[in-house]
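Subject: Structure for you to look at

Hi,

Here's the structure I said I'd pass on.

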Protein chains: 2
Amino acid sequence: MEVFLSVSFPLGVAGLYDFGPPGCALQANIVDLWRRHFVFEEEMLEVDTTILTPYEVLKSSGHVDRFSDWMTRDSVTGDVYRADHLLKAWIKKHVIEAADATPEAIADATMDLAKLDGFSPDELQSKFASYGVLSDLGNSLTPLSPFNLMFGTEIGPSGLLKGFMRPETAQGQFVNFKRLLEANSDRMPFASAQIGKSFRNEISPRSGLLRVREFLMAEIEHYVNPEAKNFHPKFESVSFHSLPLLSREMQSSGSEQVCMTRVDHAIEKGIIDNSTLGYFLVRIYLFLLKIGLHPDIIRFRQHQSNEMAHYASDCWDAELLTSYGWIECVGCADRAAFDLTVHSLKTKEKLVVRERLSTPVTELRVVAELDRKAIGITFKKDAKLICDAIALAQEDPVLMEKILQESLDRNKVAVPLAGWNSERSSASCPSDFVEVPSQMLGLRKELTTTHVREYTPAVIEPSFGIGRIIYALLEHCYWVRAQDEQRSVLSLAPLVAPTKVLIAPLLSQKSFEDLVSNIALLLKSKGIATQADCSSATVGKKYARADELGTPFAVTIDHQTVTEVQENIPATVTVRERDSTTQIRVFINDLPDLIENLVQGKLHWNNQLLSKYEVVQCSNC
Amino acid sequence: MEVFLSVSFPLGVAGLYDFGPPGCALQANIVDLWRRHFVFEEEMLEVDTTILTPYEVLKSSGHVDRFSDWMTRDSVTGDVYRADHLLKAWIKKHVIEAADATPEAIADATMDLAKLDGFSPDELQSKFASYGVLSDLGNSLTPLSPFNLMFGTEIGPSGLLKGFMRPETAQGQFVNFKRLLEANSDRMPFASAQIGKSFRNEISPRSGLLRVREFLMAEIEHYVNPEAKNFHPKFESVSFHSLPLLSREMQSSGSEQVCMTRVDHAIEKGIIDNSTLGYFLVRIYLFLLKIGLHPDIIRFRQHQSNEMAHYASDCWDAELLTSYGWIECVGCADRAAFDLTVHSLKTKEKLVVRERLSTPVTELRVVAELDRKAIGITFKKDAKLICDAIALAQEDPVLMEKILQESLDRNKVAVPLAGWNSERSSASCPSDFVEVPSQMLGLRKELTTTHVREYTPAVIEPSFGIGRIIYALLEHCYWVRAQDEQRSVLSLAPLVAPTKVLIAPLLSQKSFEDLVSNIALLLKSKGIATQADCSSATVGKKYARADELGTPFAVTIDHQTVTEVQENIPATVTVRERDSTTQIRVFINDLPDLIENLVQGKLHWNNQLLSKYEVVQCSNC
């Protein structure tokens, strides 16, 4: 569609697009609204962290090891394919659409397609074998290998310091958690936010603006006491809203039909995990409506258990309906304490909240009194790691109970040298453990009084793909006038439209054009973006051009205007609305307030408004 | 200084800083003002082009070959030094500050320091030899080598597609010139603009926020007919402004003292090259004043001839005075037609303006009628390149005159296979030329009528380092109250301050705190950023904290407020101004308009304003 070409400029390299002036202005307006809707209204702490991210940060977060897609190469030409895309296309073409396919084969293949996104690398590889997948040229393929999706680079001249262009803006917020908590005077819960570019080195970018290598994100990290997730201070203000939900259960039963459900009911029924998550789902929904998306093309789809990260407790995607189907545009995940925990472990800097207890708690807790000398003699260079691990474990009473039990059962304890963590069983290989005899640990139960409670906050993360939202919005707002296929219209909401007002002199004569700059100045002083069209085109052509760019209003200087000015009586212009093409006659002096109210949504172009003005009949609209 | 720590978070890797909440908000406000001052007021075409830039673009622009600093290594440890920094430090320490330095040696060394920034690589290397420079550890150094300052990466999985993180936002605008001209309905002059992150892999980052590896830029490319540079349509509106100029001549005569000069006079005297450049210098100056910089710390320094790129015709830096001395924060260069020409040559897509002449021009021009057959037989694979080069040359009548002359003088013409360009003599090696006999070119003079004139626009480029401006602004606005060294103040202009209003209940009692959210809502509805402080600190402490963050106004809910509310009479609060600490009593209902006008600069906190209100005496201010 032409509108996308005027909005985005392909760079000649797949997956990279520039935004031209209308796209850039639309994006700036949406970002501005986002900032007001979330950061400003919710008093979030916005940060601007670097795109260039040191290796260590993304190693801790797991991106270095796990942020990969699987690829395979044509064994002759070396052409690269993304494994899941290739398999999907192969199954469709060679089984489902094959002339000689049996019903059984089609049923199996359909099942494989449905499960494909959840396949492990081994399953994927074995499907390549069983379907006998070949390259586009009919050549055999190399075994699948992982391809990390981060763009790497080297920082400084030494060649020793590796870095990446960030794949998301979240990590920059997590590593600053301690400073953010401080900036918030240690009050919980609170949220940080960041708007900025992220980068993913897609194996095969596709679907226009939907799967690109550089994109604008806006992410919120809401930090909350895991025990207080079900109490959000502002939940009451949104509890009555209904959301178009497609829950895990509905998907399992094969339904694609959303169910409009009040958010408070969804939480009561356990469909949405907690009220903090519910609060943000409503706020996301209200934002999407505010920028002009129709409710019919919005749905919230819950992740299936196998889609979610192992640490996440619930996750919903706001999906928008496009010509490519339902596309994830906003993710809203309850990430539990995972992120802050992994960074804490790596940097040894505790990312926790310390909360003074109103009444101190006295309880029996397991404490360790280490025999450091014996540990030193026995374990030599590992001694310090062992002592550190035990010291860290002491902050977790439940873990210490387990350690005591192990000590009683086996008379020794397996101490992980990197410290205990939530992924202990899977992440560490056996050689990372050291068996320490119980007597060196000096474990015993002791009455302990605690004045301060420490906890690692859970994180609720609403994450917006601004580029995808813009794409869906453009598709959604584009239509063609019934009477004329050449006349396309972009019905952008006035609040986000790049230009609010076209100023069009009816004739290209000096007496008409002289008034253009006066009116432009009048509107600009109110902060209203205007564009004048003083070309020799007909006014109908001028309207059509502005319609294509989504400009919601047009002010026309006509014969009557010029006569009124010459006769020195209060002058009027016509104001045209884009979608209805109706026009009204307005005093120039009333113009700034009228347009401002229309743009801000304080006034609506409806019969009530029209009844207050002279409606003009026009043959060029 | 503490303020910088709260604004910027070091990442543990030199040259990378995160902006925390106050820094991020300050930056967002400055960017918003920039957009309104330049893009909006001047109707510039703002674009958002990718950070990730294909190799070819930066090869064309010259960055791949020439965007380097010179480095040297400790021959034992491998430690890397930036050559000019090391030499500068060495000369200072080992000559100028040496106990046994002779007056002659000091004079020579001082001269070398002054000229150091202009040294060629060979000169630099010979100075290393003559001063006997060693590494910090006293080891010998490796020969100087260039280090390219761009961060490189690989795009896609093939490993064949190289790219860089852009070192400036300008190139993304140049490559889109044709689309931008179209979007502007082919009208000239016009400007494009871009705000975004850029990246430079500094050898040794230093000076805090001044020399970093990732930074926010805002760049304008103003395209103008080279013959119309001295006519800017809006120049009259700024011609009367005076600028603090430090011209090339003043610097040559050893002066460091700026001269306040009216911009129209400076252009008449030939100090500033043309009125388009003059117009932008004034607009830059007004922007710097608007964000709150004092005129005393702003100067415009003209580049010396040896500082400028060979293609530039004039260049001025807006420098700001910081504790590191005068620092370039905005560059404003007349880059002539260089950028559009190099991209045209590389992509063979003409980046020119076609202007319909009001009266067609008929003149004798040199035309070529190529003997393509002979060229084909003689030059085989080079034949097409030769024909293309001649076709391109025909668009430049002056060049064709030269070619004809060469043909007459030598009976053959040296045709550069890559086409003629402005850098012909230096850029191409002899093997890139082919001697073509005159008879194959068929050169002759012919009466030609031209209806359309083509020209490559000149580019005037104001380029803002937002991070550096923020740094200078913070230094400039920071001071400590005379009566108390612990009480620091950040006197940010209300327009850019992160938070506009502190809301402080005098006591942490429910009757006081209940009013906080009402007042916050009232101000937020006007779009005014507020922060409430309901901690148990004294109100004096609350003021002090807000002063440190640059919050210009504080609204205090005191006993009188609470009483008035309880008695149901129109309630009042006090409003305190940060710098003067004076307070006035204001009706709550009047608050939104008063604060909005103060923030927008429509009202000023002066005696005239104070005389309209009850001034409150306060012991805690």
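Quick definition before anything else: two strands count as paired if DSSP finds at least two bridges between them. Keep in mind that this is a predicted model.

Strand 3 (residues 45-46) of chain B and strand 10 of chain B are joined by 2 bridges and run parallel. Within that pairing, B:Leu45 stands opposite B:Ser192 in strand 10 of chain B. Strand 10 of chain B also pairs with strand 11 (residues 214-224) of chain B, this time in the antiparallel sense and over 10 bridges. There, B:Ile195 has B:Ala218 of strand 11 of chain B opposite. And is strand 10 of chain B covered or open? Mostly covered: 10 of its 10 residues (190-199) are buried.

Now for chain A, where I looked at the whole sheet. It is an open one with 9 strands, in the order 3-10-11-21-16-15-14-12-13, and the pairing is mixed. Which strands sit at the edges? Strand 3 (45-46) and strand 13 (259-262) of chain A, each of which pairs on one side only. Strand 3 of chain A runs parallel to strand 10 (residues 190-199) of chain A, with 2 bridges between them. A:Glu46 finds its bridge partner, A:Ala193, in strand 10 of chain A. Helix 2 (residues 21-40) of chain A lies across strands 3, 10, 11 (214-224) and 21 (458-465) of chain A, and the angle to strand 11 of chain A is about 0°.

Next, the rings. Over all chains there are 26 aromatic pairs. One of them is A:Tyr324 with A:Tyr471: the centres are 6.1 Å apart and the planes are at 45°, so the pair counts as tilted. The two tyrosines are 147 residues apart, with A:Tyr324 in the loop between strand 15 (314-322) and strand 16 (325-334) of chain A, and A:Tyr471 in helix 19 (residues 466-477) of chain A. A:Tyr324 is partly exposed because its relative accessibility is 45%, whereas A:Tyr471, at 7%, is buried.

Over in chain B, B:Phe287 and B:Phe464 make an edge-to-face pair, with 5.8 Å from centre to centre and 90° between the planes. This pair also links distant parts of the chain: B:Phe287 belongs to helix 12 (residues 275-290) of chain B and B:Phe464 to strand 21 (residues 458-465) of chain B, 177 residues apart. B:Phe287 is buried at a relative accessible area of 0%, and B:Phe464 is buried with 0% as well. In chain A, A:Phe287 and A:Phe464 belong to one aromatic cluster with A:Trp34 and A:Phe38.

B:Arg283 lies over the face of B:Phe38, 5.9 Å from the ring centre. B:Arg576 has its charged end over the ring of B:Tyr543, at 4.4 Å from the centre.

One residue I followed up separately is A:Ile96, in helix 5 (residues 83-96) of chain A. With a relative accessible area of 28%, A:Ile96 is partly exposed. Leaving out residues up to four places away in sequence, A:Ile96 touches A:Ile91, A:Ile106, A:Ala109, A:Thr110 and A:Leu113. From A:Ile96 to A:Ala107 is 11 residues in sequence and 8.6 Å in space, C-alpha to C-alpha.

How many residues of each chain are in contact with the other? 55 residues of chain A contact 55 residues of chain B. The area buried between the two chains is about 4,800 Å², and carbon and sulfur atoms give 63% of it. On the chain A side, A:Phe40, A:Asp48 and A:Pro157 lose the most area to chain B, together 14% of what that side buries.

Last, some overall numbers for chain A:

- Its secondary structure comes to 24 helices and 29 strands.
- Its C-alpha atoms fill a box of roughly 105 × 70 × 55 Å along the principal axes.
- Of its 621 residues, 52% are buried.
- Among contacts between residues at least 6 apart in sequence, 69% join residues at least 24 apart.

Cheers

Key: Residues are numbered from 1 along each chain as its sequence is written. Chains are lettered from A and ligands numbered from 1 in the order in which they are written. This is a predicted model: local features need pLDDT of at least 70, side-chain atom pairs count only at pLDDT 80 or more; totals for chains, interfaces and linings use all residues. Side-chain values use heavy atoms; hydrogens and water are left out. Rings of Phe, Tyr and Trp (its six-membered ring) pair if their centres lie within 6.5 Å; planes under 30 degrees apart count as stacked, over 60 as edge-to-face and the rest as tilted. Helices (H or I, at least four residues) and strands (E, at least two) are DSSP runs, numbered from the N terminus. Buried means under 20% relative accessible area, exposed over 50%, partly exposed in between (1.4 Å probe, protein chains only). A charge sits over a ring if NZ of Lys or CZ of Arg is within 6 Å of the ring centre and within 35 degrees of the ring normal. Contact means heavy atoms within 4.5 Å. Axes are lines fitted to C-alpha atoms, for helices over the stretch in contact, and angles run from 0 to 180 degrees between N-to-C directions. Buried area is the accessible area (1.4 Å probe) that two parts lose on being put together, summed over both.
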